[in-house]
Amino acid sequence: MAIYTIGAVSNLDPTLALISTFVQLRITNTTAARLEPIVVNAYSITDAGPEGLVETLYFTTTFAIAAPRGVVTLVIPTTVANYTITVSSPGAAGFVSDISLYAAGRDVNGFIVPEQTFPFGDWKAITTV
């Protein structure tokens, strides 16, 4: 199983207003097999000082993606100062091409926030089991 992340995303502008209010996440099955389970988690991130960062889960969902080339699109709220999103795929260890990911933060009017756009190449694999 691989787990991907976009890393920590700051979501406040200089006036401390939220930059995006949601992220549109698209997950594509790139195999000929049904993928299950796909687990998506979103965390609010706060600075705990010398202890590091604290992640608080505020969104989670689990689902399957049909094959071939099935696509699931999620809308994840981002009404927090800092956030991160993780996506796990059920592929065997070392098999990192079973899904493709794309995420785009959107402002209150639904427009894409360029600095919160994450094509698959920007997602980092944080673990494979």
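What you see is a predicted model, so local features need pLDDT of at least 70, side-chain atom pairs count only at pLDDT 80 or more, and totals for chains, interfaces and linings use all residues. Residues are numbered from 1 along each chain as its sequence is written, and side-chain values use heavy atoms, with hydrogens and water left out.

**Overall build**

- The protein has ten strands and zero helices; both are DSSP runs numbered from the N terminus, with strands (E) needing at least two residues and helices (H or I) at least four.
- Going along the sequence, you get β-β-β-β-β-β-β-β-β-β.
- The radius of gyration is 15 Å, close to the 14 Å that the globule rule gives for 129 residues, so the protein is as compact as a globular protein of that length. That radius is taken over C-alpha atoms, and the rule is 2.2 Å times the number of residues to the power 0.38.
- Along the principal axes, the C-alpha atoms fill a box of roughly 50 × 35 × 25 Å.
- Of the 129 residues, 38% count as buried. Here buried means under 20% relative accessible area, exposed means over 50%, and partly exposed is in between (1.4 Å probe, protein chains only).
- Among contacts (heavy atoms within 4.5 Å) between residues at least 6 apart in sequence, 71% join residues at least 24 apart.

**The nonpolar core**

- A nonpolar core is a set of buried Ala, Val, Leu, Ile, Met, Phe, Trp, Tyr and Cys residues joined through side-chain atoms within 4.5 Å.
- The largest one has 26 residues, and L25, I27, I38, V40, I85, V87 and W123 touch the most other members.
- Strands that each supply at least two residues of this core include β1 (2–5), β3 (22–29) and β7 (82–89), while β4 gives the largest share, four residues.
- Leaving out residues up to four places away in sequence, I85 touches Y4, T5, I6, V23, L25, V40, N41, A42, I76 and W123.

**Charged residues worth a look**

- R106 sits in strand β8 and is buried, yet it has no salt bridge. A salt bridge needs a side-chain nitrogen of Lys or Arg within 4 Å of a carboxyl oxygen of Asp or Glu.
- The nearest side chain of opposite charge to R106 is D107, 7.6 Å away. For charge, Lys and Arg count as positive and Asp and Glu as negative, with His and the chain ends not counted.
- The R106 side chain does reach the backbone oxygen of G110, at 3.0 Å.
- Not counting residues up to four places away in sequence, R106 touches S20, T21, F22, Q24, F111, I112 and V113.
- The whole structure holds one salt bridge: the side chains of E36 and R34 meet at 3.3 Å, N to O.
- R34 is exposed, with a relative accessible area of 53%.

- Most residues other than glycine have a negative phi, and most peptide bonds are trans.
- A cis peptide bond joins E36 and P37, with omega about 0°, and P37 is in strand β4.
- Another cis peptide bond links A67 and P68, with omega about -15°; P68 lies in the loop between β5 and β6.
- R69, in the loop between β5 and β6, has a positive phi of about 60° although it is not a glycine. R69 is exposed, at 54% relative accessible area.
- L16 has a positive phi too, near 70°. L16 lies in the loop between β2 (9–10) and β3 and is exposed, at 63% relative accessible area.

Notes. Polar contact = N/O pair within 3.5 Å; in protein donor to acceptor, adjacent residues only side chain to side chain.
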